[in-house]
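Keep the structure open beside you and try each task before reading its solution.

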Amino acid sequence: MSNVFKDGDDIHEYLASHEQKDMLRFLTCGSVDDGKSTLIGRLLHDAQSIFDDQLETLGSDSKKFGTQGGEIDFALLVDGLAAEREQGITIDVAYRFFSTDKRKFIVADTPGHEQYTRNMATGASTADVAIILIDARQGVLPQTRRHSFICSLLGIRHVVVAINKMDIVDFSEAKFRAIEEDYREFAKQLDFESITCMPLSALKGDNILTKSSNTPWYDGAALLPWLETVDVTRKDERPFRMPVQWVNRPNLDFRGFAGTVVSGRVEPGDEVVILPSGKRTKVKAIVARDGDLAFADKNRAVTLTLEDEVDASRGDVIAAATAPAEQAGQLQAKIIWMDDEEMLPGRQYILKSNNKMIPAQITDLKHRIDVNTLEHLSGKTLKLNEIGECNLSLTQRLVFDPYTENRSMGSFILIDRLTNSTVGVGMIDYALRRSKNVHWQALEVNKESRQKILGQKSCMLWFTGLSGSGKSTVANLVEKRLHDLGRLTYVMDGDNVRHGLNRDLGFTDADRVENIRRVGEAGKLMVDAGVITLVSFISPFETERQSVRERMDDGEFIEVFISTPLEVAEQRDVKGLYAKARKGEIKNFTGIDSPYEEPTNPEITVDTSEVAAEKAAEMIVEYLDQKGYLG
Amino acid sequence: MTTAETLLKRAERLSETSGLSLTTISRKLLNDGKGLARIKNGGGMTEKTLQQATERLDALEVAGTPRAEGLLSPETMTHLDRLEAEAIHIMREVVAEVENPVMLYSIGKDSAVMLHLALKAFYPSKPPFPLLHVDTTYKFRQMIEFRDALPERLGVELRVWKNEDGIKQGVNPFTHGSAVHTDIMKTQALKQALSHYKFDAAFGGARRDEEKSRAKERIFSFRTADHRWDPKNQRPELWNIYNTRTAPGESTRVFPISNWTELDVWQYIARENIDMVPLYFAGVRPVVERDGTLIMVDDDRMPLHPGEKPMEKMVRFRTLGCYPLTGAVESSADTLPKIIEEMLLSRSSERQGRVIDHDQSASMEKKKQEGYF
């Protein structure tokens, strides 16, 4: 199992394989004296991650402070603080590192004393997997349950229940089974995906690296092989989120948004929304010192530039436009209290989320949770290491996702304003209804309100006429003029619609009818969006044009008849289509072997054989202005 | 096996592990897409070309996951990618929330990695904080040269602080011993500098795998107004939400590469091609042996004991500090892969070369409580 590099090995091969490893973070927890530190010392020792000089120090420390009668005391390897070694207890979480030929590991060795629960939670918050130790002589203790509950609450989904010190109980299967049953009964109320119980002796090394001959009745894996292979990847189809940490402005020409992708994936061209403002834009580039990135996945720290000059700053979240995060000023959350001074409902604390600090108060403790029974208890306050469900009221809206859906978007810490201590941590359940309602009312926008923002009255300019009559030329000029005037416009013509929306349609009469119906519907949505929409289609049949007109509100449909005669259009034959039609190479060509029905009452008529296209465009813009479409 | 055959075998293995085609690797090594194929068919090449190709292959292999040119983004993040992202996140958080941050810069390899991470974190801006070097006046000369070239080379702001009181009193490691020298010229000097410039957060390159008390330290580690660390009362630190708040006068030490191991640091240096002080690489240097430790005679301030004569030895340094207090190791490792190989084989933790924390196992914790970084 060891990935120790030995003399004669090929360094290049070793490095190549080492680089490809992934990383697993786990913690050890459980009650005092269940052997957590010993277990880690054992893993480090057996994985040969202890250097010679460390072994030397360990030897002398074991004689001085050891609890193993002068034998090497592995616990002393991880208990790094002087106070810990003297008292023989673990006060704070220690991080240790080792690797095997399959994986790299970061281990958080956490304290068992109830008094230091907050340090255990610190270690658990970044772990993928938990090893919960139980002393085989003691069975499931209150601390076992407390730590299990905190692991579950913090979102750890896979746990090993390491029933340790099996050597002292003569590797009794009955003892093991009884504890296993007891634990599984309790854990039914928790949110673990998998629970694996193992009979261990960390001190003697049973079932650590390989299966022990002392437990022939145990048919599961040994600990290290399990850690090497456990699959902790979550099906991560959650949408893209990047809290903006810092705005990067080296000069006036560059504006980048720096942050860590906390879920999903982003690529240049992706449509995103800035929260809370709701402004939409696209990702222009993912800028990096070694060259722009093609994409960025979860956990990568990136700098994004955006297509538009939108306002975004620290505290905002850039999210997938298709699935924005929620926003609320009133939340329900589970809180673990971590300060000696008890929680005070009504007092203002500073809530810090991933990238934002907001003054907030706990308006109401709904209930405390008994960590032993998981029962809900009534109460007014939370004391050190107590857990409760609370309502919070924030002075600003917070952009979030529920913690169970997104750890980074649903977590926060509470800071005392005076002492600056971290006094509590929270996991958001959901927004309280009050704030959701406000949210919905704010979203009630319609065509009128959109038009108001845009400062224009949306309408549909319907250009009809023979092929080559100059419809698109005029329409494009009109759009350009309107754009110069600062109006929001869009041109739909055969080229951009026939290649996409209507690419399944041909040129039979039935298809021409359907073609116009769809264009009419799509154009109507554009008008509803507040856009001055220019439609440029031959649209030879009066009935179809009429039916589009009827679906629009009064004054929204403006028919522009480009009346250029057939002879002129055919003479221009820009696309060479008339020639082909005359030769019979194109069937159903309007004006040749398919009829064109002239409009009876068009709002505007233009003959481009008599009026230059520029002049025609000017006339049309003037018409819009006079009729009040341009605001 | 001939050198050419070895090269070919290694290139083929790299192709398998990295997914790069042999043609691409060939182009990288020999500036010729068909070069490797020609070797395979028995073609020869000059010794010099072969040597150059081998060196380039060294670099490619250490980099592990060679990246496609132009658009980068490996499909999945390796542990180095994750460690890099974590460090960048931490640095940005400090810059966004703290008024007057500084990066402690010791000129060593961990500092080199930190500086590189800062350049990446804020690109295209320059790191929006100065580097601070606490100069004990007994650093290796090559370290000082390397340091002084930084501002021009990378466009970063550098501040150097010396304890002028200590200099006046003539404090030096030879007559005052390592403990007094380190305390006055390093610990006290650092406190002076932080107070003088009113820095409220200082980045340090400490790693949790270095030493037991560091294994216990938070990434954001709080210091009282007199720079003390209270190990028994650290702030909870959950997820990657960091409490950066301090009262006036108090400050934070921030350790962005807390979760890196020594091997991670070296591999990252190789992958990112980070410039290092030459002292890390083996070279012939004048040394004397004292109490089993090889000390380099870097200048004439070092008094020689009677009968002591500097010997020219092939040595390098695993860690860099004050030259009279930093032990050299005999070594022929003059490339990154060789250094990594030697480190893996030595089985002796890196701080052993430092004289300062040899005496007692809790000495680092004590120093930290007293304000040593």
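**Exercise 1.** Find the strand joined to β26 of chain A by three bridges, and say how the two run.

*Solution.* Start at β26(A), residues 557–562; three bridges link β26(A) to β27(A), and the two run parallel. Strands here are DSSP runs of E with at least two residues, helices are runs of H or I with at least four, and both are numbered from the N terminus. Two strands count as paired if DSSP finds at least two bridges between them. Next, pick one bridge: A:Val560 has A:Ile604 in β27(A) as its partner.

A word on the model: it is predicted, so local features need pLDDT of at least 70 and side-chain atom pairs pLDDT 80 or more, while totals for chains, interfaces and linings use all residues. Residues are numbered from 1 along each chain as its sequence is written, with chains lettered from A and ligands numbered from 1 in the order written.

**Exercise 2.** Work out the strand order of the open sheet of five strands in chain A, and explain why β24 and β27 of chain A stand at the edges.

*Solution.* First, the order is β24-β25-β23-β26-β27 (chain A), with parallel pairing. Then look at the ends: β24 (489–493) and β27 (604–606) of chain A each have a single partner strand, so one side of each lacks a neighbour in the sheet.

**Exercise 3.** Decide whether A:Ser539 is buried or exposed.

*Solution.* Locate A:Ser539 in the loop between β25 and α15 (542–551) of chain A. Now count: A:Ser539 has 26 C-beta neighbours inside 10 Å, so it is buried (20 or more other C-beta atoms within 10 Å; exposed means 12 or fewer, partly exposed in between, with C-beta atoms placed from the backbone).
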